[in-house]
Amino acid sequence: MDPDFLPDAVDLDRPNVARIYDWALGGTANWAIDRQFGEQAVQAFPLAKTLARANRDFLGRAVRYCLAEGITQFLDLGSGIPTAGNVHEVADDHVDDSRCVYVDNEPVAVAHGRMLLDEAGDPERHAVLHADLRDACEVWEAALATGVLDPDRPICLLTVAVLHFLPDVTGVREAIRDYRTLLAPGSAYVLSHATESGVEGEELAHIRNLVKLSERSSSPAVSRSLDEIAAFFGTFDVIEPGIVPVGEWRPEPGAATVPLASVVGGVGRKPGGRNDDAGPRSP
């Protein structure tokens, strides 16, 4: 990357998960320390890049599902560094009036997101926030302040490959509960998450190696069980086929099967006319 692009407060002392994911997807918004860690990750889990791509493809299919259901607004938490197949790019390929707010706390991700959206030249429909997704009420208020989202209409909330970097002690469960409460009836929640549940043999050893390796990054990973992951959906109705390996979630006809179970994903819908759980906390 061009060193002149380096945003203020970016940490180059440790590899960053957003920049590593960008590297795994073939992006350029990463530095040598991230690429070195990425190479080590591939040694620990040889199919790490394949898994990253499968997760990205799941994101695209989930967005298209929401569009088919009439949901054209998106709030992408922990959105990462924009590469091909961003939420707004997928949505804009199918509808003319989609709207998306990206949220991330990594300066490079935010700077690249803003640069990408500046090039798109449509500030009324897309925005990027530099914020911590755990501050649910503050993030929600900031997202609405952009004028991009209409809170009275269904919104698709996304936490794709991000919650496994936030252990429960950080308050992430309470935050996701608050977002669920704030969403209008009919909204959707898209989630993908690393797990060891149902993972066996060599893949299980590899995912454990990767989790251990992540302790050297800025955001150590945590692997949750399927039941723990399902709890993030609260009272939302999880649509078929449920919470499954990302490659098995509504694959495109004729698409090659991704034989990996260590990252699962699912989509839930908020029932109409019913509040979810308790009310949101004060900011």
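Trainee: Which residue forms a salt bridge with Asp-178?

Mentor: Arg-177 does, with the closest N and O atoms 2.8 Å apart. Keep in mind that this is a predicted model. The general idea is that side chains of opposite charge can pair when their charged atoms come close. Asp-178 has a relative accessibility of 1%, so Asp-178 counts as buried, the limit being under 20%.

Trainee: How many salt bridges does a search of the whole structure find?

Mentor: There are 11. One of them joins the side chains of Arg-19 and Glu-106, at 3.1 Å from N to O. This pair links distant parts of the chain: Arg-19 belongs to helix H1, while Glu-106 is in the loop between strand E2 and helix H5, 87 residues away. Both Arg-19 and Glu-106 are buried. Together with Asp-34, these two residues make up a network of salt bridges.

Trainee: Is helix H1 mostly covered or mostly uncovered?

Mentor: Mostly covered: of the 8 residues in H1, 6 are buried. Among them are Ile-20, Asp-22 and Trp-23. The ring of Trp-23 also has the charged end of Lys-49 sitting over it, 4.4 Å from the ring centre. After H1 comes Gly-26, with a positive phi near 90°.

Trainee: How many residues apart are Asp-57 and Arg-53 in helix H3?

Mentor: Start with the geometry. An α-helix has 3.6 residues a turn, so residues three or four places apart point the same way. Asp-57 and Arg-53 are 4 residues apart in H3, about one turn of the helix. Their salt bridge has its closest N and O atoms at 3.8 Å. Asp-57 is partly exposed, at 36% relative accessible area, and Arg-53 is partly exposed too, at 32%.

Trainee: Now the rings. How many aromatic pairs does the count come to?

Mentor: The count is 3. Tyr-65 and Trp-249 are an edge-to-face pair, 6.2 Å centre to centre with 90° between the planes. Tyr-65 is in helix H3 and Trp-249 in the loop between strands E7 and E8, 184 residues apart. Both of these residues are buried.

Trainee: What is the angle between the planes of Tyr-189 and Phe-233?

Mentor: In general, a pair of aromatic rings is described by the distance of the centres and the angle of the planes. For Tyr-189 and Phe-233 the planes are at 55° and the centres 5.2 Å apart, so the pair is tilted. Tyr-189 sits in strand E5 and Phe-233 in the loop between helix H9 and strand E6, 44 residues apart. Tyr-189 is buried at 0% relative accessibility, and Phe-233 is buried at 1%.

Notes
Residues are numbered from 1 along each chain as its sequence is written. This is a predicted model: local features need pLDDT of at least 70, side-chain atom pairs count only at pLDDT 80 or more; totals for chains, interfaces and linings use all residues. Side-chain values use heavy atoms; hydrogens and water are left out. Buried means under 20% relative accessible area, exposed over 50%, partly exposed in between (1.4 Å probe, protein chains only). Helices (H or I, at least four residues) and strands (E, at least two) are DSSP runs, numbered from the N terminus. A salt bridge is a side-chain nitrogen of Lys or Arg within 4 Å of a carboxyl oxygen of Asp or Glu. Rings of Phe, Tyr and Trp (its six-membered ring) pair if their centres lie within 6.5 Å; planes under 30 degrees apart count as stacked, over 60 as edge-to-face and the rest as tilted. A charge sits over a ring if NZ of Lys or CZ of Arg is within 6 Å of the ring centre and within 35 degrees of the ring normal.
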